[in-house]
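Here are a few notes from my pass through the aromatic residues. Have the structure open as you read.

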Amino acid sequence: MVFRKPPDGGWGWVIVVVSFFTQFLCYGSPLAVGVLYLEWLDAFGEGKGKTAWVGSLANGIGLLASPVCSICVSSFGARPVAIFSGFMVAGGLMMSSFAPNIYFLYVSYGIVVGLGCGLLYTATVTITCQYFDKRRGLALGLISTGSSVGLFIYAALQRELIELYGLDGCLLIVGALSLNILACGSLMRPLESSSSPPPEKMFVDKVPDQYFVYHEKEKTVEENISILEKGYNDEKCVNNVPDCKQDSILNKNALSSTNINEKDTYKKKVVEQTNFCKQLAKRKWQLYLTYWKETMVLFKNKVFSALFVAILLFDIGGFPPSLLMEDVARSANISEDDYYMPLISIIGIMTTVGKLILGILADFKWVNTLYLYVTTLLMTGVALFAIPFAKSYLTLAMLSGILGFLTGNWSIFPYVTTKTVGIEKLTHAYGILMFFAGLGNSLGPPIVGWFYDWTQEYDTAFYFSGFCVLLGGFLLLLAALPCWNACTNQSSKLPPNTYSYKVASNA
């Protein structure tokens, strides 16, 4: 697909608005699943680790399927994928209202809703990167705040809906709201050059038309010949009966030879079409092989390799607070009278602030976005270590705000990926990184829940979470050190359109 130069404005701002509301509508409930988590604990009576799988799957399965999501967006475009995914999210939420047990929720809420969110996330990020270049950090920061605003609003909305209509009614209403994704997806106009379509597509589209025109022309010629012959024979039969019989015999012989020629022509055309299909299938297979080869080449980039380890460990340790913080407060015997605002809502609003501020900082030339991202990882690890020492609502609220702000580094993660591997390989690289992020999202909350079921307290679980995040941050920092880069890449040259942060090795 041939894209025009990113306009950095115009219809791009419409893309930003609809992408914001798309992430708001699809991620609002899965990110605020901590409210539903408490209800499911009481409704099904399962362990914390087992119940936590529902929310972790909803937030992780879409990221696990990121390579598949990337292929879908590349093959069909952002608009069709967004519309199809809207039906998935809405249908999954509505089906969850009829869940008879926790295992049904694994499929309806965890897999169906999670996969729909993953497709929508990939579609919104990809089309935004296509429309923006110089203001990409700001644009990504704006659209990523949609999920954070959704977390803030849906945490209070779902709690209110549960009180008014019960858990089942809440999920039905939230599912109906998600149908608005269809309207947002219809406005995601692709940015591609209409003047020069891909050669392969032109070839595929033109060949059937050529055959069709050929058949039509052939059919018209044969009809004209038959009409002329019929008129000539009729006229001849009227004037001379013996000649008519002789000509009829000759015509029969001519028709038989014509039928033989038609059969040969038909066989030739079948062979040509069969060869064409074989060549097309072979070319498609080569394209997929090239896609996976280019993806594996990315791991020769030292910074990219450290980045996927860091994102895996960050999501194992950094994601559980947004799901379990309400239960952490309840386990600390904090009275509901002390609640001024749900802790999940605090995380959501501060994540919005963090995404905006970090996204704006990423656009400054003097800011190294890789080091900025590493700083957020290290600070997140320290905040997680502090959670076991928080025994009041005020301290938990402060830590929730800090963790929410630092989780805003999601807004600069696509920016870091783009600058590391280049815009041409963004889809490949981002799909791989989101796969590991989804693996971390899926494993983190159940691991923390199992720690609680084993020890009956959250302290050990959050020590483990903090250690994972700190380890990932230090590994990424080590890979990014200029001295390490100088030792391993003295004679290397970066490929075009790749930004190295003065530390990254070449792919």
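1. A cut-off to start with: buried means under 20% relative accessible area, exposed means over 50%, and partly exposed is what falls in between. Tyrosine 463 has a relative accessible area of 34%, so this residue is partly exposed. Bear in mind that this is a predicted model.

2. There are 16 aromatic pairs in the structure. Take tyrosine 373 and phenylalanine 413: their ring centres are 5.5 Å apart and the planes meet at 45 degrees, so I'd call the pair tilted. Helix H14 (residues 369–386) carries tyrosine 373 and helix H16 (residues 413–421) carries phenylalanine 413, so the pair ties together parts 40 residues apart in sequence. Tyrosine 373 is buried at 1% relative accessibility, and phenylalanine 413 is buried with a relative accessible area of 1%.

3. Next, phenylalanine 385 and tyrosine 463: with centres 6.1 Å apart and planes at 35 degrees, this pair is tilted. Phenylalanine 385 belongs to helix H14 and tyrosine 463 to helix H18 (residues 459–480), so parts 78 residues apart in sequence are tied together. Phenylalanine 385 is partly exposed, at 29% relative accessible area. Phe385, Phe389 and Tyr463 make up one aromatic cluster.

4. Buried or exposed: which is phenylalanine 314? Its relative accessible area is 3%, so phenylalanine 314 is buried. This residue sits in helix H11 (residues 302–318), and beyond its sequence neighbours up to four places away, its contacts include Leu377, Trp410 and Val469.

5. Two charges over rings are worth a look. The charged end of lysine 48 is over the tyrosine 452 ring, 4.9 Å from its centre. Arginine 189 lies over the face of tryptophan 11, 4.2 Å from the ring centre.

Technical notes:
Residues numbered from 1 in each chain as written. Predicted model: local features only at pLDDT ≥ 70, side-chain atom pairs only at ≥ 80, totals over all residues. Heavy atoms only, no water. Helix = DSSP H or I, 4+ residues; strand = E, 2+ residues; numbered from the N terminus. Buried < 20%, exposed > 50% of the residue type's maximum accessible area, 1.4 Å probe, protein only. Contact = heavy atoms within 4.5 Å. Phe/Tyr/Trp six-rings, centres within 6.5 Å; stacked < 30°, edge-to-face > 60°. Lys NZ or Arg CZ within 6 Å of the ring centre and 35° of its normal.
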